[in-house]
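Hi everyone, thanks for coming. Let me put the structure up, and then we can walk through how its parts are arranged.

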Amino acid sequence: MRLEWSHAARALPGQHEIGDACWVLETPALVRLAVVDGLGHGPEAAKAAAVALDASAKHSLLDLDEQMRRCDKALASTRGAALSLAAIDLAASTLRWTGVGNVEGLLLRKTPARTERLLTQNGIVGFNLPSLRVAELGLKHGDTLIFFTDGIDQELLDPLELSLAPGDAALTQLLRCARASDDALIWVGHLWDVP
């Protein structure tokens, strides 16, 4: 299986720094992903997001729950963040993820057509980390994986437009669904069988 992905983001209108960010590590068999929403907006949110991504990268070889705990420790000196972590095993066609706060995830199944919500837990990474749950799902050719911060209005997401190439889908959805009151980020990944 192979993954084709992209993301689009923008700061709160009037702000120059953004607190929503993502980090991706790709190897031939595994993709690790972090999507973060630093609390609030502006420089302090951007600082929290940068700390979260740095910790995610430094601890990317750990299990997801331990990676999240290391991020929690690193974020203790910031205002905190919402954070979702994922590991996509391309060889085994599986997705493992864990999330704390309001970075949402959806898995759009192509066959049969349906949407699965990737559940997160209440809390703040860096301040109030709950007991973590790591979940796992099987992946199939044609599935689309989406992660987005709370600056994206989920009610406005258009599944048909999400079937576009990931870069086009992410930008189109950002322009359509970004709330005027917050930073916003959407990450879109399509999964395909290796030809």
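Before we look at the helices, one convention: a crossing is called left-handed if the near helix is turned anticlockwise from the far one by less than a right angle, and right-handed if clockwise. Helices (H or I, at least four residues) and strands (E, at least two) are DSSP runs, numbered from the N terminus. This is a predicted model, where local features need pLDDT of at least 70 and side-chain atom pairs count only at pLDDT 80 or more, while totals for chains, interfaces and linings use all residues. Residues are numbered from 1 along each chain as its sequence is written, and side-chain values use heavy atoms, with hydrogens and water left out.

So, which way does the crossing of α1 and α2 go? It is right-handed. The two pack at an angle of about 140 degrees, with axes 9 Å apart; axes are lines fitted to C-alpha atoms, for helices over the stretch in contact, and angles run from 0 to 180 degrees between N-to-C directions. α1 and α2 are therefore oblique to each other, given that angles under 35 degrees count as roughly parallel, over 145 as roughly antiparallel, 65 to 115 as roughly perpendicular and the rest as oblique.

Five strands form an open, antiparallel sheet in the order β2-β3-β4-β5-β8, where two strands pair if DSSP finds at least two bridges between them. Its edge strands are β2 (20-26) and β8 (135-138). β5 (residues 94-100) is joined to β8 by 4 bridges, and Thr94 stands opposite Gly138 in β8. Helix α1 (residues 43-58) packs on the sheet, touching β2, β3 and β4.

Conventions:
Contact = heavy atoms within 4.5 Å.
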